[in-house]
Structures are given as C-alpha cells and as structure tokens.
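Please look over the structure shown below before reading on.

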Amino acid sequence: MFITRHSPVSDIALRDQLWTLYERAYLETVEQTVTHEMLDRFEFDDQMLDPTNRAWVVWEDTRPIAMTLVATDVRRTRWLSEHFFRSHFTEKFQRGRVHYVVWAVVDPDFVARGASIFMARHAMAVEAREGSLLVFDLPETNQPNAEGGAAELMLRMARMVGDAQLINLTTQRYYALDFAPVDDSPDSHGDERERVEVGSHQH
C-alpha cells in the first residue's frame, strides 16, 4: 500500500480510475442521504482539474483503493461561505489556511484494511505542518449525533500527526411538507372551473 499526491489530476486515464473508485465508494451513501453528496462526472473532473485542490490517492499495486480531495482556496469552492470564514477565522483565512475536505472515499473492499487511516496520516500531516483550519462535513449516516461518529474518528486521526481541536461549526437539517393526496376525479374540479370562467368575463 502506498500513497501519491496530485495537483491537478490532468491525466485522463487516472481520472477515469479515480471516478470508478468514487462511484463505487459513494453507492451506498447516495441511497441513504437527502443531500446531493455525490458529484456527477463533469463536477468531479472540474474539481480534479482545479490546481488549488490536492488529491491524495492510496494504491494497492495498480488499483486505487482510497482517495481524498482537499480544497486549499475556499473562495473557489461553492460549498463554503468565504464571508463566514473571513469573519470568524480572519487570520487563517487571510493566510490561505482555511482548507476543505471536498470528499474522502474508500473502496468498500478495503475499509477494514486501514486504507483510510493510512491516507489520513499522510494528508493530515501536511495540514498540521501548515497550521490549517481543515473543514469537513458529514451526512447523518456517518454522524447521527453531535458527539462521537466520524467526526470523533477524524479528530483521533488528526491527533496522530499534530495538536488539533474539533470545532462544531453548524448543523443543517432538511424538512419536507408532505401534502395528503386530493380527490382528483373530474367532478371534484367543477366548482373551480366555474369560478375561473366567471372571473375570465370580468376583464
């Protein structure tokens, strides 16, 4: 198992390999989450070709088995508000040290083999050396409560390479208004048609 770093990922064949990994890793997540967690191929390539993004890829021989993409310029990402970080983390924002984990994926066949920890140690070591504020978000499937979950795992991995604190930035909830079905028979619209016809003669 070894790791490579790319910025940008300009090789088409490599992007094809990484897209296959990305799709495979996200298959279960996209069926369980409300939000648009998985990018389409155009969005994926756009992120991979951005020179301000860092891609870390873990390999097993010639097969990519884990990957993370870190955005180093939050002004170029549509997922974070640069105004928020300029206001609340002014010094790090001005120094270009607010970074964002766009995604982190592991091939389902290699989750139990330590690929994510191996990847985190390398990627987070760079973040620790730079003194960055590394922002990440998690779907409810990975973080059902404020404590514990994947956020706690991220903190433990960060502390393998440096002194880090976990900051809870915000919580966003999605709701829906579920309207009961109405009677859609032809007779149910009679009064409504009459009102429309009457109203149309008043002009």
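## Briefing on the predicted model

Strands β2 and β3 form a hairpin with 2 residues between them, and Asp61 in the turn has a positive phi of about 60°. Strands, like helices, are DSSP runs numbered from the N terminus, with at least two residues (E) for a strand and at least four (H or I) for a helix. The model is predicted, so that local features need pLDDT of at least 70 and side-chain atom pairs count only at pLDDT 80 or more, while totals for chains, interfaces and linings use all residues. Residues are numbered from 1 along each chain as its sequence is written, and side-chain values use heavy atoms, with hydrogens and water left out.

**Strand pairing**

- Strand β2 (residues 53–60) runs antiparallel to β3 and is joined to it by 8 bridges, where two strands pair if DSSP finds at least two bridges between them.
- Within this pairing, Arg54 stands opposite Val70 in β3.
- β3 also pairs in the antiparallel sense with strand β4 (residues 98–106), over 6 bridges, and here Ala71 stands opposite Tyr100 in β4.
- Of the 9 residues of β3 (residues 63–71), 8 are buried, that is, under 20% relative accessible area with a 1.4 Å probe and protein chains only.

**Overall make-up**

- The protein chain has 7 helices and 5 strands, which follow one another from the N terminus as β-α-α-β-β-α-α-β-α-β-α-α.
- Of the 203 residues in the protein chain, 37% are buried.
- Among contacts (heavy atoms within 4.5 Å) with a separation of 6 or more, 70% are between residues 24 or more positions apart.

**Cavity**

- The structure holds 1 cavity of 30 Å³ or more, a cavity being a set of points on a 1 Å grid over the protein atoms alone where a 1.4 Å probe fits but cannot get out.
- The largest cavity has a volume of about 50 Å³, a volume being the space filled by probe spheres set on the points, which are joined across faces, edges and corners.
- Residues with an atom within 4 Å of a point count as lining, and for the largest cavity they include Gln47, Asp50, Asn53, Ala71, Arg76 and Val102.
- This lining divides into 2 nonpolar, 4 polar and 3 charged residues.

**Aromatic rings**

- The count comes to 11 aromatic pairs, where rings of Phe, Tyr and Trp (its six-membered ring) pair if their centres lie within 6.5 Å.
- One aromatic cluster is formed by Trp19, Tyr22, Tyr26, Phe44 and Trp103.

Conventions
Phe/Tyr/Trp six-rings, centres within 6.5 Å; stacked < 30°, edge-to-face > 60°. 1 Å grid on protein atoms, 1.4 Å probe; cavity = no way out; pocket = protein on both sides within 12 Å on 5 of 7 lines; lining within 4 Å. Nonpolar A, V, L, I, M, F, W, Y, C, P; charged D, E, K, R; others polar. Buried < 20%, exposed > 50% of the residue type's maximum accessible area, 1.4 Å probe, protein only.
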